[in-house]
Amino acid sequence: DVLTNIKKMGVRLAIYDFGTGYSSLSQIRNFPIDTLKVDRSFIRNLLQDADNKAITEAIITMGKTLGLTVVAEGVETEAQKDFLRELICDEMQGFLFSKPISPEAFAELLRRHNINQKS
């Protein structure tokens with residue numbers, strides 16, 4: 001009920017590290033979530049490990065079938081990015097795109113990007 005009320009306020013809800021720990025299929029069915037974040041442990045050896053590849057593909061397919069946004073965490077190589085694009089993964093995050101940065105550096109990045117978008 002709490003999550004449903006939060007969602008009614010316009011907050012989007014995500015299951016982080018999906019496929020590990022306490023995340024499970026019942027959470028998708030029982031909670032009003034919007035996004036599944038595929039745990040980086042599946043992405044790390046995605047192209048070398050058939051099991052990780054199958055799990056990642058299944059999570060993306062399931063999430064899309066349920067109308068959820070699917071985010072892959074821990075993308076570090078172009079090959080991983082290309083494979084995830086082929087699966088039509090909605091979003092990706094990881095060191096391939098940016099190393100962790102301070103809040104001040106992030107604010108500056110947003111300012112520069114916003115200025116470039118207006119030009």
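Q: What makes E3 and strand E4 (residues 91-92) a pair in this predicted model?
A: In this predicted model, E3 and E4 are joined by two bridges in the parallel sense. Two strands pair if at least two bridges are found between them, so E3 and E4 count as paired. Within this pairing, valine 71 stands opposite glutamate 91 in E4.

Q: What makes strand E2 (residues 35-38) and E3 a pair?
A: E2 and E3 share four bridges, again in the parallel sense. The requirement is at least two bridges, and therefore E2 and E3 pair. Here valine 38 stands opposite alanine 72 in E3.

Q: Which way do the residues of strand E3 (residues 69-72) point, and are they buried or exposed?
A: Thr69 and Val71 point one way, while Val70 and Ala72 point the other way. All are buried; that term requires under 20% relative accessible area.

Q: Which elements make a β-α-β unit, and what is its handedness?
A: The unit consists of E3, helix H5 (residues 78-86) and E4, and it is right-handed. The term is used because, with the strands pointing away from the viewer, the path from the first strand over the helix to the second runs clockwise.

Q: Why is phenylalanine 106 called partly exposed?
A: Phenylalanine 106 belongs to helix H6 (residues 103-118). Its relative accessible area is 43%. Buried means under 20% and exposed over 50%, so phenylalanine 106 is partly exposed.

Q: Which residues form a nonpolar patch on the surface?
A: Ile101, Phe106, Leu109 and Leu110 form the patch, with about 350 Å² of accessible area together.

Definitions and conventions: Residues are numbered from 1 along each chain as its sequence is written. This is a predicted model: local features need pLDDT of at least 70, side-chain atom pairs count only at pLDDT 80 or more; totals for chains, interfaces and linings use all residues. Side-chain values use heavy atoms; hydrogens and water are left out. Patches are made of residues with over 30% relative accessible area and no salt bridge: like charges are joined within 9 Å, nonpolar side chains (Val, Leu, Ile, Met, Phe, Trp, Tyr) within 5 Å. Accessible areas come from the Shrake-Rupley method with a 1.4 Å probe; for residues, only the protein chains shown count as cover. A salt bridge is a side-chain nitrogen of Lys or Arg within 4 Å of a carboxyl oxygen of Asp or Glu. Buried means under 20% relative accessible area, exposed over 50%, partly exposed in between (1.4 Å probe, protein chains only).
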